[in-house]
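Hi,

Here's the structure I said I'd pass on. Have a look at it first, and then read my notes below.

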Amino acid sequence: SEEDGQSRGYLFKIVLIGDSAVGKSNLLARFARDEFYTNSKSTIGVEFQTQKMEIDGKEVKAQIWDTAGQERFKAVTSAYYRGAVGALVVYDISRSQTFDSIGRWLNELHTYSDMNVVTILVGNKTDLKDAREVSTEDGKALAEAHGLFFMETSALDNSNVTAAFQTIVKEIYDILS
Ligand code: GDP
Ligand code: MG
C-alpha cells in the first residue's frame, strides 16, 4: 500500500562494477549531477550518491555505490556488495578486454550478493564510434545468456544514462513493491 511504501521509504542500494576506466564514476556523475570529468582521477573519493526518482508516481531513492577506484586491485570488498538489490555491470565498447571481464564481475557479484540482484549490462562510451571493438549484438547476446537487462550508453554525450538507471530502479521497484 501507499503507507507501507512511505514507511519503508524505498531505498535501493545499487552497485556499479566493471573494469577500471570504463566510465562507472562518470555514469554516476552524469546521472546524479549532470556532470562529466575528462580526467578520471577527479572521480576518486565518492562512496555513494543518493538520488531521488519517481516510479509510478512514488518517490524512490536509489543509493548508488561507486568503487572509488578499488577495482584497480582486481576486486572490490564484500562490504561493497552487502545489501545490494541492483547492479550495473559496465564495460567500455572501445576496449574488448573490458567486455571479456564481464563474466568475472558477474561471478564476484553472485559470490557476495543475493543471486536475485537485478542486473543491467551497460556498454558505455558509444560516442567513440570509430574505436568500437564490441558490437551491440555481442553485448545483447551476452546479456541474454546471463538473463540481464542491456543498454549502451555514453556518459560523455548523455545518451541512455538516465534510461539505464531508470530501467534498473523500475525493475527493483516492481519486484519489491
Ligand atoms: P571508472 O574507472 O570506471 O570510474 O571510469 P571513469 O568514470 O573514471 O572514466 C574513465 C575515463 O573515461 C575518464 O577519462 C572519462 O572521462 C572517460 N569516460 C567516461 N565515460 C565516457 C564516455 O561515455 N565517453 C568517453 N569518450 N569517455 C568516457
Ligand atoms: Mg571510478
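This is a predicted model: local features need pLDDT of at least 70, side-chain atom pairs count only at pLDDT 80 or more; totals for chains, interfaces and linings use all residues.

The protein chain has seven helices and six strands, and reading along the sequence you get α-β-α-β-β-α-β-α-α-β-α-β-α. Of its 177 residues, 40% are buried. If you take the contacts with a separation of 6 or more, 69% of them are between residues 24 or more positions apart.

Now the sheet. It is an open one with six strands, in the order β2-β3-β1-β4-β5-β6, and the pairing is mixed. β2 (48-55) and β6 sit at the edges, each pairing on one side only. Ignoring direction, neighbouring strands are turned by 25° against each other on average.

Within the sheet, β4 (residues 86-92) pairs with β5 in the parallel sense, over seven bridges. Asp92 is found opposite Asn124 of β5. Helix α5 packs on the sheet, where it touches β1, β4 and β5, and its direction makes about 160° with that of β4. Helix α2 (residues 24-33) lies across β1 (11-17), β2, β3 (58-65), β4 and β5, and runs at about 50° to β2.

Next, α6 (residues 136-146). Which of its residues are buried? They are Gly139, Leu142 and Ala143. These cover an arc of only 100° around the axis, so they end up on the same side of α6. Their cover includes α5 (102-112), β5 (118-124) and β6 (149-152). On the face turned away from that buried side you'll find the exposed residues Glu137, Ala141, Glu144 and Ala145. Just after the helix, Gly147 has a positive phi of about 70°.

Last one: Ile168, in helix α7 (residues 161-176). Is Ile168 buried or exposed? Ile168 has 25 other C-beta atoms within 10 Å, and a residue counts as buried at 20 or more, so Ile168 is buried. Setting aside neighbours within four places in sequence, Ile168 is in contact with Ile14, Gly86, Leu88, Val118, Ile120 and Phe149. Ile168 and Phe12 are 156 residues apart along the chain, yet their C-alpha atoms are separated by 10 Å.

That's the lot from me.

Cheers

Note on methods: Residues are numbered from 1 along each chain as its sequence is written. Chains are lettered from A and ligands numbered from 1 in the order in which they are written. A residue is buried if 20 or more other C-beta atoms lie within 10 Å of its own, exposed if 12 or fewer, and partly exposed in between; C-beta atoms are placed from the backbone. Helices (H or I, at least four residues) and strands (E, at least two) are DSSP runs, numbered from the N terminus. The arc is that of the directions from the helix axis to the C-beta atoms. Two residues are in contact if their C-beta atoms, placed from the backbone, lie within 7 Å. Two strands pair if DSSP finds at least two bridges between them. Axes are lines fitted to C-alpha atoms, for helices over the stretch in contact, and angles run from 0 to 180 degrees between N-to-C directions.
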